Amino acid sequence: MKIARYDEGAIGAIVDGGVRDLTSLIDQPWRDTPFAINDLIARWDELEGPAAELAAQGPERGLDEVRLLAPTPRPQHLFAAPLNYRPHVAEMVDSKHAPVALRAEHSAAGLGFFLKPSGSISGPEEPILLPPLPGRSFHHEIELAVVIGAGARGLNAATARQHIFGYVPLLDITLRTEGERQEERVMRKSYESFTPIGPYVTTADEIDDPNRLDLHLAVNGESRQKANTADLIVGVEELVATASNVLPLSPGDVYATGTPEGVGPITVGDTVTAGVEALGELRIAVEQRGW
Ligand code: MN
């Protein structure tokens, strides 16, 4: 099933080019709040059947009649993998954006995760807003994101798969600074609208192997990133398992699995199109932040 959020916070299933409202399945007090999808995911064992019955009735409205929102706007944790594709490690080590520490430690395995704030999340119909910071650049990163299902701790790679609810394309927009003196990575990736996500979450049963999906990103129609998750250094299950051994995962948590090679700058006026095989595509305008 493909699950979207739209309009004033309704939850719906994408069916036949339209949307079927699932909001009635959400418990109060979460209904119509940004936490609604976390409730749906937490109770998916009991709600999958009723959701499928509603979806089988077909769409109520066309996708062009609704405004899609970020499908997972308030994950309790938004994990992100650094440097998880070897060619991207190489391009960063060779770049003027790499601090000495990175050049020295350019083996990605075992680097763990960092966190992004949920306040940086934006939806498929919202622009990326570049803050007024002269002399800085802003880079695009297309990533496969995992949405956690039933919460758990202490998973291993073999048990992690059953705790994955679904998958969604994600952009990890990053402020880049030249040289050794860089702001903390978390801040550089935390600006409002620096985590576009969507257009919807595809449940895990529809994806045979998350470690074998094409990713692509283009700026103004020019291809910049093109890769396959088969090239992930640390695979999806191992990422989830590792995080679950640090702290308990919560239903609806999101894990951005890292970006492949080809990162580069975006500027005001650009249009970024990016997606992951079988999971849909984002088409995002880049604008100047108005404040
Ligand atoms: Mn990233």
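These legends describe close-up views of a predicted model.

**View 1. The manganese site.**
Three side chains coordinate the manganese ion: Glu141 (OE), Glu143 (OE) and Asp172 (OD). Their distances to the metal run from 2.0 to 2.2 Å. Along the chain, the donors follow the spacing E-x1-E-x28-D. Glutamate 143 sits in strand 11, while aspartate 172 sits in the loop between strand 12 and strand 13. This pair links distant parts of the chain, 29 residues apart. Glutamate 143 counts as buried, at 0% relative accessibility. Aspartate 172 is buried too, with a relative accessible area of 1%.

Arginine 161 and glutamate 237 join their side chains in a salt bridge, 2.9 Å from N to O. Arginine 161 belongs to the loop between helix 5 (157-160) and strand 12 (164-171), and glutamate 237 to helix 7 (residues 236-244), so the pair ties together parts that are 76 residues apart in sequence. Arginine 161 is partly exposed, at 31% relative accessibility. Glutamate 237 is buried, at 12%. Helix 7 itself is mostly covered, with seven of its nine residues buried. The buried residues are Val236, Glu237, Leu239, Val240, Ala241, Ala243 and Ser244. Their cover includes strand 6 (78-80), strand 11 (142-148) and strand 18 (254-256). Helix 5 and strand 12 also contribute to that cover.

The structure holds 14 salt bridges. Some share partners, joining Lys116, Glu141, Asp172, Arg176 and Lys189 into one network. Two members of the network, Glu141 and Asp172, also coordinate the manganese ion.

**View 2. Arginine 20 with glutamate 60.**
A salt bridge connects the side chains of arginine 20 and glutamate 60, at 3.4 Å from N to O. Arginine 20 lies in strand 3 (residues 18-21) and glutamate 60 in the loop between helix 2 (44-55) and strand 4 (61-62), so the contact ties together parts 40 residues apart in sequence. Which of the two is buried? Arginine 20 is, at 12% relative accessibility. Glutamate 60 counts as partly exposed, at 44%.

**View 3. Arginine 43 with glutamate 46.**
Glutamate 46 forms a salt bridge with arginine 43. The closest N and O atoms are 3.4 Å apart. Glutamate 46 is exposed, with a relative accessible area of 53%. Arginine 43 counts as buried, at 16% relative accessibility.

Three strands form an open sheet in the order 13-10-19, with antiparallel pairing. Strand 13 (174-176) and strand 19 (264-265) stand at the edges, each with a single partner strand, so one side of each has no neighbour in the sheet. Strand 10 (residues 137-140) pairs with strand 13 over three bridges, in the antiparallel sense. Within this pairing, histidine 139 has threonine 174 of strand 13 as its bridge partner. Strands of a sheet pair through backbone hydrogen bonds.

Note on methods
Residues numbered from 1 in each chain as written. Predicted model: local features only at pLDDT ≥ 70, side-chain atom pairs only at ≥ 80, totals over all residues. Heavy atoms only, no water. Pairing = 2+ DSSP bridges. Helix = DSSP H or I, 4+ residues; strand = E, 2+ residues; numbered from the N terminus. Salt bridge = Lys/Arg side-chain N within 4 Å of Asp/Glu carboxyl O. Buried < 20%, exposed > 50% of the residue type's maximum accessible area, 1.4 Å probe, protein only. Contact = heavy atoms within 4.5 Å. Donors = N, O, S within 2.8 Å, 3.2 Å for Na, K, Ca; no water.
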